Amino acid sequence: MFRHVPGLLYAPSATWNRIHDDIERSPCGFLPLLLIGSLIPALSIYYGAAVAGWSLFGSEENQKFLSPNSAALLAVAVWLAYVTNVIIMGWMVRWVLFRTPVRPSALRGMAFATVLSVPFMLGALAALLPERWLILLVIPIVGGYSALHLYLGLPIYMRLSKSKAYFYATCILAVGLLTMLCVGLFYLESWRAIAPPGDYQGIEERRIEQGLP
């Protein structure tokens with residue numbers, strides 16, 4: 001599945017056909033992309049929060065840092081959120097397409113959701129330098145690109161007519177936004193519940209803790 005990622009940029013229609021054929025031969029072939037690709041946002045979040053420093057919304061300070069332990073817990077939460085979201089969306093895609101001639105299995109739905117999550121995986125590299133302007137720029141780009149592939153890839157991957165696929169894609173988009181919101185809030189609140197107190201440190205606090213002058 002990794003070899004199809006570049007093709008999503010320059011030859012999306014042909015790539016979706018190849019993805020369909022690969023999943024037909026190996027229904028679990030998407031798992032390496034899901035499990036390894038989800039490490040990109042997790043590791044980026046860790047670096048941005050613990051090493052580079054976040055520029056927080058509403059904060060007058062330029063940088064604040066998470067402790068390594070708290071950042072590691074956040075990275076685990078992000079990885080679990082990506083994987084959980086794909087699993088749920090696999091079942092949601094199957095549910096939305098229950099009236100189609102060839103109803104997809106949950107695994108085929110998960111493979112489809114994994115490919116749609118690739119822009120979010122790559123866009124999460126912005127967390128390496130978590131500036132407000134960069135995050136605000138990246139979010140609509142990756143969201144729009146994922147939605148574009150949803151409408152383009154659904155009729156090809158699921159072998160649907162374009163007229164019917166537009167309606168189903170809109171339903172999947174609505175369910176996907178709700179799923180992302182619910183899953184994200186669940187893992188965010190879970191992280192906040194178990195993270196060590198006093199998470200964020202300013203630059204001066206960090207220097208004092210590290211014994212720097």
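A word on the model before we start: it is predicted, so local features need pLDDT of at least 70 and side-chain atom pairs count only at pLDDT 80 or more, while totals for chains, interfaces and linings use all residues. Residues are numbered from 1 along each chain as its sequence is written, and side-chain values use heavy atoms, with hydrogens and water left out.

Let's begin with helix α4, residues 39–52, and helix α5, residues 68–96. Helices here are DSSP runs (H or I, at least four residues), numbered from the N terminus. The two axes come within 8 Å and cross at roughly 155 degrees; axes are lines fitted to C-alpha atoms over the stretch in contact, with angles from 0 to 180 degrees between N-to-C directions. That makes α4 roughly antiparallel to α5, a label for angles over 145 degrees. The crossing is right-handed, meaning the near helix is turned clockwise from the far one by less than a right angle. Nonpolar covers Ala, Val, Leu, Ile, Met, Phe, Trp, Tyr, Cys and Pro; charged covers Asp, Glu, Lys and Arg; the others, Gly among them, are polar.

Now follow α5 to helix α6, residues 106–123. Their axes come within 7 Å and cross at roughly 130 degrees, so α5 and α6 are oblique to each other. This crossing is right-handed. The contact includes Gly90 and Arg94 of α5, along with Thr114 and Ser117 of α6. It divides into 12 nonpolar, four polar and one charged.

On to the core, a set of buried Ala, Val, Leu, Ile, Met, Phe, Trp, Tyr and Cys residues joined through side-chain atoms within 4.5 Å. The largest one has 53 residues, and those touching the most other members include Trp16, Leu97 and Tyr157. The largest share, 11 residues, comes from α5. Setting aside residues up to four places away in sequence, Leu97 touches Arg103, Pro104, Leu154, Met158, Leu160 and Tyr168.

Arg159 sits in the loop between α7 and α8, and its phi is near 55 degrees, a positive value in a residue other than glycine.

Terms used. Helix = DSSP H or I, 4+ residues; strand = E, 2+ residues; numbered from the N terminus. Parallel < 35°, antiparallel > 145°, perpendicular 65-115°, else oblique. Contact = heavy atoms within 4.5 Å. Buried < 20%, exposed > 50% of the residue type's maximum accessible area, 1.4 Å probe, protein only.
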